[in-house]
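Please read this briefing beside the sequence and the 3D view. It is written for a reader who is meeting the structure for the first time.

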Amino acid sequence: MTAITTTFDWDRAYRVGDHHQYWELSAPSPDLVGFLASAPVAEGAAALDLGCGSGWDTVALARAGYRATGVDISPEAIQLAKARAEAEGLEITLLTGDVRRLELPDEEFDLLVDRGCFHHLGPEDRDRYVAEATRLLRPGGLLYLRGSRQESFPFKAVDEPAIARHFPAGEFTAGPLLPFQLHTDVLKLDANAVLLRRTP
Ligand SMILES: C[S@@+](CC[C@H](N)C(=O)[O-])C[C@H]1O[C@@H](n2cnc3c(N)ncnc32)[C@H](O)[C@@H]1O
């Protein structure tokens, strides 16, 4: 596999605490909580947080009733997420791994969520990400994706052309791309959210 197209040193950021200066929101994402509160979770349903960071959104998935898994390329992030899950008394599977190739079973998940991982990936890595998302989702399963509205370093846009290019119509149905502000502890990012359904 080729080197990942982002050059960010994620592990260092989590080790020295820089995530607090950029992307950390010290709470579950409000938009995700709204999404989760709007739909009942079927018995035994499973959800995966792609690029879970310190695990706030993974915790929200578990609280909503999913069998929750979080995966991140940074072992430091996974340590933080494990500490959070333990402090909350929640059973969550937390794995160090690369969203471009995950050692998880086919069609294991009903829901994938991503806040800020896909928007760091270049085109080739996005293709691998989408191939994995397609493999991991049950037919009819959902990917709730949020990322930067604009192409502006270090972000690659999550916009109409990117959705059309990486989530082909035969394999996914895309809902509307909805602009919103993605808040972190210290920043506000103009973002888009989109719900993608794997074709049943
Ligand atoms: C902007 S942070 C967002 C973290 C978390 N979702 C949140 O909202 O706080 C992006 C995350 O994606 C992770 N990441 C980047 N490339 C990845 C990859 N190829 N596989 C898995 N995780 C990756 C980083 O380690 C980082 O935790």
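Predicted model: local features only at pLDDT ≥ 70, side-chain atom pairs only at ≥ 80, totals over all residues.

Residues are numbered from 1 along each chain as its sequence is written. The protein has six helices and eight strands, where helices (H or I, at least four residues) and strands (E, at least two) are DSSP runs numbered from the N terminus.

**Overall fold**

- Read along the sequence, the elements of the protein follow the pattern α-α-β-α-β-α-β-β-α-β-α-β-β-β.
- The radius of gyration is 15 Å, which agrees with the value near 16 Å that a compact globule of 200 residues would have; this radius is taken over C-alpha atoms, and the globule rule is 2.2 Å times the number of residues to the power 0.38.
- Taken along the principal axes, the C-alpha atoms of the protein fill a box of roughly 40 × 40 × 35 Å.
- Among contacts between residues at least 6 apart in sequence, 72% join residues at least 24 apart, a contact being a pair of residues whose C-beta atoms, placed from the backbone, lie within 7 Å.

**Burial and core**

- Of the 200 residues, 42% count as buried; a residue is buried if 20 or more other C-beta atoms lie within 10 Å of its own, exposed if 12 or fewer, and partly exposed in between, with C-beta atoms placed from the backbone.
- The largest nonpolar core has 53 residues, such a core being a set of buried Ala, Val, Leu, Ile, Met, Phe, Trp, Tyr and Cys residues joined through C-beta atoms within 7 Å.
- Helix H3 (residues 56-64) gives the most to this core, with six residues.
- Tyr66 is among the residues with the most contacts inside the core, and, not counting residues up to four places away in sequence, Tyr66 touches Val41, Ala45, Ala46, Ala47, Leu61 and Leu111.

**Ligand surroundings**

- There are 21 residues around the ligand, of which Trp10, Gly51, Gly53, Ile73 and Gly116 come nearest; a residue is near a molecule if its C-beta atom, placed from the backbone, lies within 6 Å of it.
- The residues of this shell divide into nine nonpolar, six polar and six charged, where Ala, Val, Leu, Ile, Met, Phe, Trp, Tyr, Cys and Pro count as nonpolar, Asp, Glu, Lys and Arg as charged, and the others, Gly among them, as polar.

**Paired strands**

- Strand S7 (residues 178-183) and strand S8 (residues 188-198) run antiparallel and are joined by six bridges, and two strands pair if DSSP finds at least two bridges between them.
- S7 and S8 form a hairpin with four residues between them, and Leu178 stands opposite Ala193 in S8.

**Loop residues**

- Leu102 lies in the loop between strand S3 (93-96) and strand S4 (109-115), and Leu102 counts as partly exposed because it has 19 C-beta neighbours inside 10 Å.
- Glu107 is placed in the loop between S3 and S4, and has a positive phi of about 50° although it is not a glycine.
- Ala169, in the loop between helix H6 (160-166) and strand S6 (172-174), has 9 C-beta neighbours inside 10 Å and therefore counts as exposed.
- Phe153 and Pro154 are joined by a cis peptide bond with omega of about 5°, and Pro154 has its place in the loop between strand S5 (137-148) and H6.

Technical notes. Contact = placed C-beta atoms within 7 Å.
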